[in-house]
Amino acid sequence: MELYDAMRTTAAIREFTGEPLSDETLHRILENARFAPSGGNRQGAHVIAVRDPERRARLAELCTPGVQRYVAQGRVGETGWNSITPPTPTPEEIAATRVPESFTRPVLTASVVLVFCVDLNRVASMDLELDRVGLASGASIYPLVWNTLLAARQEGFGGVLTTMAVAAEPEVQALFSIPADHAVAAVVPLGRPVHQPTKLRRRAVEEFVTWESYDGAPLTD
Ligand SMILES: Cc1cc2nc3c(=O)[nH]c(=O)nc-3n(C[C@H](O)[C@H](O)[C@H](O)COP(=O)(O)O)c2cc1C
């Protein structure tokens, strides 16, 4: 695929045909994705490829508390799990929130599920001392995650970057024998898309790029 086409059309795929994604194709996807950058080229990533249905069912189950809070906050107009304001819904309301199938089905129905971890011993967390939520560490793993989704697209497959399982990191670590000093960054179900969208809704460049300062003039063509 032409690079710009791939960048403009790699949508979140949550519905899969059930067609197998072979070990050989999966290897080719990661063989190309592995050229993603990481801080200092320290390459702290570890990817667990999961086909076992029981482990996947447990993984989907572990997402429940994360999804409940995300959905409950979304219903009252908040960005779920945002680090700036505490949730308006009470713990009881959150616990009573139904988990939409769209959050669990992809993990159960994908051909393979990839769990992306990163060894924190090999990550320079440059915002470590700041008084806000950590963000910079993710830059050493998410380029690999996105490269994997782009490579899957090249192979005619697709998937979705999900993070709901991260809220249950200790349980996910136990489920997959992930060492305690390795963060769980993403869970990515992969499979053949039922439908491949080609038009993604994204903000125009003028809406989020400015010259010289945050309140500078928008970058136009
Ligand atoms: C950091 C991040 C976390 C995400 N977490 C989830 C998730 O937990 N579950 C899910 O279904 N989609 C998740 N997504 C997918 C987004 O919802 C999706 O990329 C976005 O809505 C755009 O969809 P589109 O590419 O089909 O337009 C996540 C995406 C990102 C980048």
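Arg153 is placed in helix α7, which covers residues 142–154. The structure described here is a predicted model, and the values reported below are computed from it. Within this model Arg153 is buried and yet forms no salt bridge, the nearest side chain of opposite charge being that of Asp5 at 7.8 Å. A salt bridge would require a side-chain nitrogen of Lys or Arg within 4 Å of a carboxyl oxygen of Asp or Glu. When residues up to four places away in sequence are not counted, Arg153 touches Met1, Thr9, Thr10 and Gln196.

The chain that holds this helix contains nine helices and four strands, and its elements follow the order α-α-β-α-α-α-α-β-α-β-α-β-α from the N terminus on. For 221 residues, a compact globule would have a radius of gyration near 17 Å, and the 18 Å found for the chain agrees with this. The C-alpha trace spans about 50 × 50 × 40 Å along its principal axes. Of the 221 residues, 38% are buried, and the chain exposes about 13,500 Å², of which carbon and sulfur atoms supply 55%. Where contacts join residues at least 6 apart in sequence, 77% of them are between residues at least 24 apart.

With regard to charge, the chain carries 21 positive and 27 negative side chains, and the centres of these two sets are 5 Å apart. Side chains of opposite charge can pair when their charged atoms come close. The structure holds 10 salt bridges, and one of them is formed by the side chains of Glu19 and Arg192, with an N to O distance of 2.8 Å. Because Glu19 is in the loop between α1 (3–9) and α2 (23–33), whereas Arg192 is in the loop between β4 (182–191) and α9, this pair ties together parts of the chain that are 173 residues apart in sequence. Both partners are partly exposed, Glu19 with a relative accessible area of 36% and Arg192 with one of 24%.

A further salt bridge brings together the side chains of Glu31 and Arg34, at 3.0 Å from N to O. Glu31 counts as partly exposed at 32% relative accessibility, and Arg34 likewise counts as partly exposed, at 47%. In helix α6, which comprises residues 101–109, Glu101 and Arg105 are four residues apart, so that about one helical turn separates them. The side chains of these two residues, Glu101 and Arg105, meet in a salt bridge of 2.9 Å, N to O, and Arg105 is partly exposed, with a relative accessibility of 28%. The pair also belongs to a network of salt bridges that links Glu15, Glu101 and Arg105.

Towards the end of the chain, Thr210 is placed in the segment after α9 (205–208). At 33% relative accessibility, Thr210 counts as partly exposed. Once neighbours within four places in sequence are left aside, the contacts of Thr210 are with Gly216, Ala217, Pro218 and Leu219. The C-alpha atoms of Thr210 and Thr220, which are 10 residues apart along the chain, are separated by 8.9 Å.

Technical notes: Residues numbered from 1 in each chain as written. Predicted model: local features only at pLDDT ≥ 70, side-chain atom pairs only at ≥ 80, totals over all residues. Heavy atoms only, no water. Helix = DSSP H or I, 4+ residues; strand = E, 2+ residues; numbered from the N terminus. Buried < 20%, exposed > 50% of the residue type's maximum accessible area, 1.4 Å probe, protein only. Lys, Arg positive; Asp, Glu negative; His and termini not counted. Contact = heavy atoms within 4.5 Å. Rg over C-alpha atoms; globule rule 2.2 N^0.38 Å. Areas by Shrake-Rupley, 256 points an atom, 1.4 Å probe, with all protein chains shown as cover. Charge placed at Lys NZ, Arg CZ, Asp CG, Glu CD.
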